[in-house]
Amino acid sequence: MQQRLLGRTNITVSVIGLGTWQLGADWGEVDEADAFSVLDAAYGAGVSFFDTADVYGDGRSEALIGRWLKANPQAQVTVATKMGRRVEQLPEAYNLDAFRAWNDRSRTNLGVDTLDLVQLHCPPTPVYSTDAVYDALDTMVDEGRMANYGVSVETVDEALAAIARPNIATVQIIINAFRHKPLEEVLPAARAAGVGIIARVPLASGLLTNRYTLNTTFADNDHRNFNRDGSAFDVGETFSGVDYATGLDAAKNFAQLAAAEAPEATSAQVALAWLAAQEGISSIIPGARTADQARANAAAGSLQISGGFNASVRELYDTKLRAAIHPRW
C-alpha cells in the first residue's frame with residue numbers, strides 16, 4: 001500500500017482510504033455486522049484513513065467507527081469527519097457556536113476528545129470566502145477540539161477559494177476517470193500550496209466497476225436511484241453527474257482499456273490505481289459494502305499504471321464524456 005502525506009496535517013495515510021457513507025445506510029441497508037467486517041477488512045488490508053460525516057445515517061456511520069476504534073485501541077487510523085449538512089443550508093448557519101455543537105456531537109459519536117480532521121461538508125458557496133468561518137475553525141483547533149480542518153467541495157472554484165486559505169489542510173473533491181476538471185485546475189494549485197487532495201466518488205458511484213446495465217435497479221433509499229437528476233442533493237455526487245446510459249457505454253470502454261493494462265486486476269482496481277497515479281492525490285476514498293469489496297479496493301494501492309494507459313483514459317474522457325458532463329462542470 002502506497003503511503004502519502006495528508007496535506008498540511010503532517011499525517012501519513014494510505015493512498016487508498018475508506019469512504020463510509022454507505023455505513024450510514026444511504027446506499028441501501030448495511031447491517032452492523034457487515035459494517036464492522038468492512039472496517040476490519042479495510043484496516044487489515046493496509047487502509048489507514050477512514051472518511052465519514054455527521055450526516056451519514058444521521059451519525060450512524062460515525063458511531064459505528066467510534067465503536068470499532070474502541071474495540072481496536074491499537075489501530076493506527078486517521079479518521080476524517082465532516083460537518084454542516086444537518087441544518088438548512090444558509091451561510092449564516094456556519095458560525096462558531098454551531099461548529100462547537102456539531103463538533104461535540106461528532107466527538108461523542110467517535111469517542112475521541114480531539115478529531116483528527118474536520119471538513120466543512122459542501123456548504124453554501126459564500127462560506128468558502130468568509131473570513132469569520134476560518135477564524136472560527138482556527139478557534140476550534142486552538143481549543144483542542146480538532147487537530148486539522150479542511151473542506152469538501154462541489155466545484156473547482158470552491159476548491160480554489162479554500163486552497164488560498166493558509167490553514168486549510170485538505171480539500172475533498174470528486175475526481176475519477178469520468179471527471180477530469182479538478183485534475184486540470186485544482187491539483188496544480190493544491191500541490192503549490194501544500195494542500196492535500198482527498199478524492200471522493202472515485203468509481204463514479206460504481207459505474208467504473210462495469211457491473212451495471214440499463215436494467216440494474218437500486219434500492220429505494222439508494223441515492224443512485226433517486227438523485228440522478230440532482231433533485232435531492234448535488235448531481236455530481238451520483239454517477240459524477242454523467243447521464244447513466246452515457247456512463248454505461250464509457251464504462252465498457254474503460255473496462256476494455258483496463259483489461260489490456262492489467263489483466264490480473266478488475267476495472268474498479270485499475271480505476272483507483274489510475275487516480276492514485278495522478279500527482280497531488282493524498283488519499284482516495286472508495287466505499288465498500290462488503291469485506292471483499294474493501295480488500296479489493298485496498299489492493300489497488302499497490303497497482304502501477306503506465307503513461308500509455310493514462311493517455312488512453314484522457315482520450316476516452318475527451319471523446320465520450322467531456323461534452324456529456326453536467327453543464328456546471
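Biologist: At roughly what angle do the axes of helix α8 and helix α9 cross, and how should I read that angle?

Modeller: Axes are lines fitted to C-alpha atoms, for helices over the stretch in contact, with angles from 0 to 180 degrees between N-to-C directions, and helices (H or I, at least four residues) and strands (E, at least two) are DSSP runs numbered from the N terminus. Here the axes of α8 (residues 244–261) and α9 (residues 267–276) come within 9 Å and cross at roughly 80°; the two helices are therefore roughly perpendicular to each other (65 to 115 degrees; under 35 is roughly parallel, over 145 roughly antiparallel, the rest oblique). This is a predicted model, in which local features need pLDDT of at least 70 and side-chain atom pairs count only at pLDDT 80 or more, while totals for chains, interfaces and linings use all residues. Residues are numbered from 1 along each chain as its sequence is written, and side-chain values use heavy atoms, leaving out hydrogens and water.

Biologist: Which residues of α8 and α9 meet?

Modeller: With contact taken as heavy atoms within 4.5 Å, F254, A255 and A258 of α8 meet S267, V270 and A271 of α9.

Biologist: In what order do the eight strands of the open sheet run?

Modeller: Two strands pair if DSSP finds at least two bridges between them, and on that basis the order is β3-β4-β5-β6-β7-β8-β9-β10, with parallel pairing. The edge strands, each pairing on one side only, are β3 (18–19) and β10 (281–284). Strand β9 (residues 196–200) pairs with β10 over three bridges, and I281 in β10 is the bridge partner of I197. Helix α3 (residues 96–110) packs on this sheet, where α3 touches β5 (78–83) and β6 (117–121), and the direction of α3 makes about 140° with that of β5.
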